[in-house]
Amino acid sequence: MKKIGVFTSGGDAPGMNACIRAVVRTGIHHGLEVVGIVKGYQGILDKNFIPMTARSVSNIIQQGGTILKSARCADFRTKKGRKQAYENLKAEGIEGIVAIGGDGTFTGAEVFMKEYPDINFVGCPGTIDNDLYGTDFTIGYDTAINTAMDAIDKIKDTANADARLFFIEVMGRDVGFIALRSGIAAGAEAVLIPESKTDIKELVKTIQAHYDRKKSSVIVIVAEGDEMGGAVKVAKKVSKKFTDLPTRVTILGHVQRGGSPTAAERVNASWMGLEAVKALINGQRGVMIGVVNNQVVHTPFERAIKYHRYLSPTLLEMVKILA
Ligand code: ATP
């Protein structure tokens, strides 16, 4: 293998730059040419290729976002689009690609590799949601939970000044990892996640119990994908039972996607990027690089896409006991 490409695809996440930097520098270290592909699969179709040097990735390890941009690409979902992508990659001489993205990105790579077996893809899990099977953490997750925790801490400062009921919505369309971890880290009184059914009566009881124990304010974290429909809807239902208490709703939104990556994020993203290049050099294809119990694990795309990560019920128990 002489030439590889690297791209970021799907939702952007802090730490992607650290991963790109590791891919570029590991590739160069092993004598490969490395090409940056701008805007994921769309960049392959548009021939948006940038030759990368070690200096192209200087001073980016601490930056959020992704210098290679990210995009969703409808044309890559078609046979015609993938044929064009193959022709563009062959013309550029790219034999292997490190794809940094989520399950959609790996699904695209899997479909493509079945049609064109002479191009190898290896994946690095890039998504703040931490919802990919085959790794203890995805790139972006640690920074996102720290960002959410910081925001909850700030709300807690003002919450302590006067009795109010706070609902804070964090990201997590299908999973509650961000909600649970940031909620536990910031000492929230309740956390609502898609993985467990939300019972409004129970929630009202929990909130009441906290006020009975003389808490001045109560903070409820709601994952955006909670089946009750997010913080605004939950607040509307619950506030009917606490008419003498002002209710405040905060939706953290895209702040969770940005920001300088944490130290753990930078190290892990760098590690995954380095391992992805080593995997390509060793002839591996169609695997996602993950870290499980501090060991590098290669999970076939098929499994990473098919299976789900489950939250430990102990985390929910922690919220109940420790709040
Ligand atoms: P996130 O978890 O942040 O959404 P993702 O990688 O899952 O990230 P998607 O938008 O689902 O993001 O997928 C990224 C791109 O992968 C799509 O825009 C499309 O180009 C390609 N892709 C996804 N599914 C397929 C598929 N079945 N066939 C071909 N290409 C696909």
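Biologist: Which residues come nearest to the ligand?
Modeller: Of the 16 residues around the ligand, the nearest are Arg72, Cys73, Gly102, Gly104 and Thr105; a residue counts as near if one of its heavy atoms lies within 4 Å. Mind that this is a predicted model, where local features need pLDDT of at least 70, side-chain atom pairs count only at pLDDT 80 or more, and totals for chains, interfaces and linings use all residues. Residues are numbered from 1 along each chain as its sequence is written, and side-chain values use heavy atoms, with hydrogens and water left out.

Biologist: And what does Thr105 do with the ligand?
Modeller: A polar side-chain atom of Thr105 lies 2.4 Å from a ligand oxygen, a polar contact (a pair of N or O atoms within 3.5 Å).

Biologist: What about Gly102?
Modeller: There a polar backbone atom of Gly102 is 2.9 Å from an oxygen atom of the ligand.

Biologist: Which helix gives the most to the shell?
Modeller: Helix H4, residues 103-115, with five residues; helices are DSSP runs of H or I with at least four residues, numbered from the N terminus.

Biologist: New topic: what does the C-alpha trace span?
Modeller: About 70 × 35 × 35 Å along the principal axes of the protein chain.

Technical notes: A polar contact is a pair of N or O atoms within 3.5 Å; within protein, one must be able to donate a hydrogen and the other to accept it, and residues adjacent in sequence count only if both atoms are side-chain atoms. Helices (H or I, at least four residues) and strands (E, at least two) are DSSP runs, numbered from the N terminus.
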